[in-house]
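Here is a walk through one protein chain, taken a piece at a time. Keep the 3D view open and turn it as you read.

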Amino acid sequence: MITPAVVETLFSAASMTRWNDHARPGQFTELAKQAHKMIIAWVIARCEEDRGDGPDWLRLVEGGLFEFLQRVVLTDIKPPVFHRMMERHGPRLNRFVLEKLAGPFEPLAGGFWGRFREYLEDPLYSMREKVILRAAHFLATDWEFRMIYRFNRDLWGIEETRREIEIRVGEHIDLAGVREILARRGMAEKGLFAFIDLCGQLRFQVRWAQLPRVPATTVLEHLFVVASLSYFAALERGSSPRRLRNAFYGGLFHDLPEVLTRDIVSPVKRSVEGIEELVKEYEKESMETRLLPLLPEGWRRQVRYLTEDEFSNKVRDPSGSGVRTGLVPSVMDALYDADEWDPFDGSLVEACDKLAAMVEAALSIRNGVRPPALERARREIYEVYKDTVIGGVDLGSLFRAFLD
C-alpha cells in the first residue's frame, strides 16, 4: 500500500541541497541527482546489454530506489565522510536507515521491503547492478562538479575533490557505457555524453515557473517522483517484470521532450484550440532530429515507445505488426501482462504525474506559499482524480490525502 508518508519521503529530497559549502550556478538537490543517476544507469545498462552482459533490470531499478532512500536518511553526511563511514560502519548505518523507513515503506506490496533489507545487508545481493549504479552515481556527481568547479577554482581543497571524483569514475572504466561517455566528451559527435548532458539540463527547468512555490521543484525532480510512484503502483497490482520496468522508465522519460521545448504549462496548452497538438508535433520533430540521434539506433524504438503518446496503455505485438494503443487496464491485465508484449501502463503514469503535480502544489501551500493560481490548480487536479482506481490500485486516496 502506498501511503502519503511514502509520497512525502520522495519529495523530502527536493529540499536536500548538495554542494552547499561551494559557490553554485544554481540549486543542486539530492532528488535531481538521483533522477540524473537513474538516467545514466539506463545508458550504462543498455551498453552492457548490447555486449551481452546486461543487468537484471528490476534489481537495477530497485537498487536505485534503495540507494535513494538510504541517502534521504543519511544525506546530512558529506559524501567523502559518508563513503568512509559506510566502509567502516555500514551495517550500523543501514540498520538505522531501515528503522527510520520501516513505517512508510514496509507496507509496500510485492516484497519491496524484504528486498530493500537484503540489498543493504547482503554485499553479494545484486552485485552487478550495484556496480552499474555506483558508476552512474559518480558520473552524475562528476557532471555536477564540472559545473561547480568553474566557480570554485581558488577554493581550498577543490583540486583534491576533483582528483577524488576522477579516481572514482575511473574505477568503472571496465563498463562499456562509462568508456563511451568519457570518450565522447572530447569528440565533435558527443553521442551518449550529450544525451546525459541534455537530460541533466532538466535539473534547471523549474516547474510552475510562473508561480512562486516552496520547494520549487524542477522537471527532473518531478520525473523521478513520477517514476517511483508508477513503480510502486505497478508493484501493488502485481505486474510482470517488463511492465514494472516500463512503469519506472516510462515515468522517468515521459517528459523528456521538455529538454527541447521547456515545460509548457497546461493552461497555455489549452488556451488556444490546437496548440497542444502543435506542441506535441514539435516535440516529436525535435526528438527525432536532436535527441534520438544521440542514442544508438537500437535504443531509439524503446525511447519513442515510452515518450510518444506517453499516457496511453499500449503493447507491442511480438510478431512485429506494430503497437496497440488505447487499451483499458482490465484488458491489459487479462491479455497482455507478459514480457513479450512489452506492456506499458500510460494511464498509471498519467495518474502518478498528476498526483506529483498536486503534491507539488499542496506542499507549497502547506509551507505558506499559496498564490491563488496554485490553490486553483490543486483543486482542479483533485476534482478529476479524487476517485481514481487503476487495476485495483486506489490512487484516489492519495489525491484526497493532499487536499487539506
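Is the crossing of α2 and α3 right-handed or left-handed? Turn the view and have a look: the two helices cross in a right-handed way. Bear in mind as you go that this is a predicted model.

## Two helices side by side: α2 and α3

Two packed helices are described by the angle between their axes and the distance between the axes. Helix α2 covers residues 30–50 and helix α3 covers residues 57–74; they pack at an angle of about 155 degrees, and their axes are 11 Å apart. Because of that angle, α2 is roughly antiparallel to α3.

Which residues in α2 and α3 meet? On the α2 side you'll find, among others, Leu31, Met38, Ala41, Trp42 and Ala45. On the α3 side, the partners include Trp57, Leu60, Val61 and Phe68.

## Another pair: α10 and α17

Now move along to helix α10 (residues 219–236), which packs against α17 at an angle of about 130 degrees, with the axes 9 Å apart. α10 and α17 are therefore oblique to each other. As for handedness, α10 passes α17 in a right-handed crossing.

From α10, the residues that touch α17 include His222, Val225, Val226 and Leu229. Among those they meet in α17 are Leu348, Val349, Cys352 and Leu355. The contact of α10 with α17 has eleven nonpolar, two polar and two charged residues.

## Salt bridges

Side chains of opposite charge can pair when their charged atoms come close. How many salt bridges does a search of the whole structure find? The count is 35.

Let's start with Arg366 and Glu8, whose side chains meet in a salt bridge at 3.0 Å, N to O. This pair links distant parts of the chain: Arg366 is in helix α17 (residues 346–366) and Glu8 is in helix α1 (residues 4–12), 358 residues apart. Arg366 is partly exposed, at 49% relative accessible area, and Glu8 is partly exposed as well, at 29%.

Asp142 and Arg146 also form a salt bridge, at 3.3 Å, N to O. Why are Asp142 and Arg146 separated by about one helical turn? It's because they sit four residues apart in helix α6 (residues 127–149). Asp142 counts as buried, with 8% relative accessibility, while Arg146 is partly exposed at 27%.

A further salt bridge joins Glu383 to Lys386, with the closest N and O atoms 3.2 Å apart. Glu383 is partly exposed, with a relative accessible area of 40%, and Lys386 is partly exposed with 25%. Elsewhere you can find a network of salt bridges that links Arg237, Arg243, Asp333, Asp337 and Asp345.

## Some buried residues

Is Arg168 buried or exposed? Arg168, found in helix α7 (residues 158–170), is buried, with a relative accessible area of 15%. If you leave aside its neighbours within four places in sequence, Arg168 is in contact with His83, Glu87, Arg134 and Phe138.

Helix α15 (residues 297–307) has buried residues too, including Trp299, Arg300, Val303, Tyr305 and Leu306.

Most residues other than glycine have a negative phi, and most peptide bonds are trans. Here are some places to check against that.

Trp19, in the loop between α1 and α2, has a positive phi, near 55 degrees. Trp19 is buried, with a relative accessible area of 14%. Trp208 has a positive phi as well, about 50 degrees, although it is not a glycine. Look for Trp208 in the loop between α9 and α10; at 13% relative accessibility, Trp208 counts as buried. Asp309, which follows α15, also has a positive phi, near 50 degrees.

Where is Pro215? Pro215 is in the loop between α9 (191–200) and α10. The peptide bond from Val214 to Pro215 is cis, with omega near 0 degrees.

Definitions and conventions:
Residues are numbered from 1 along each chain as its sequence is written. This is a predicted model: local features need pLDDT of at least 70, side-chain atom pairs count only at pLDDT 80 or more; totals for chains, interfaces and linings use all residues. Side-chain values use heavy atoms; hydrogens and water are left out. Axes are lines fitted to C-alpha atoms, for helices over the stretch in contact, and angles run from 0 to 180 degrees between N-to-C directions. Angles under 35 degrees count as roughly parallel, over 145 as roughly antiparallel, 65 to 115 as roughly perpendicular and the rest as oblique. A crossing is left-handed if the near helix is turned anticlockwise from the far one by less than a right angle, and right-handed if clockwise. Contact means heavy atoms within 4.5 Å. Buried means under 20% relative accessible area, exposed over 50%, partly exposed in between (1.4 Å probe, protein chains only). A salt bridge is a side-chain nitrogen of Lys or Arg within 4 Å of a carboxyl oxygen of Asp or Glu. Ala, Val, Leu, Ile, Met, Phe, Trp, Tyr, Cys and Pro count as nonpolar, Asp, Glu, Lys and Arg as charged, and the others, Gly among them, as polar.
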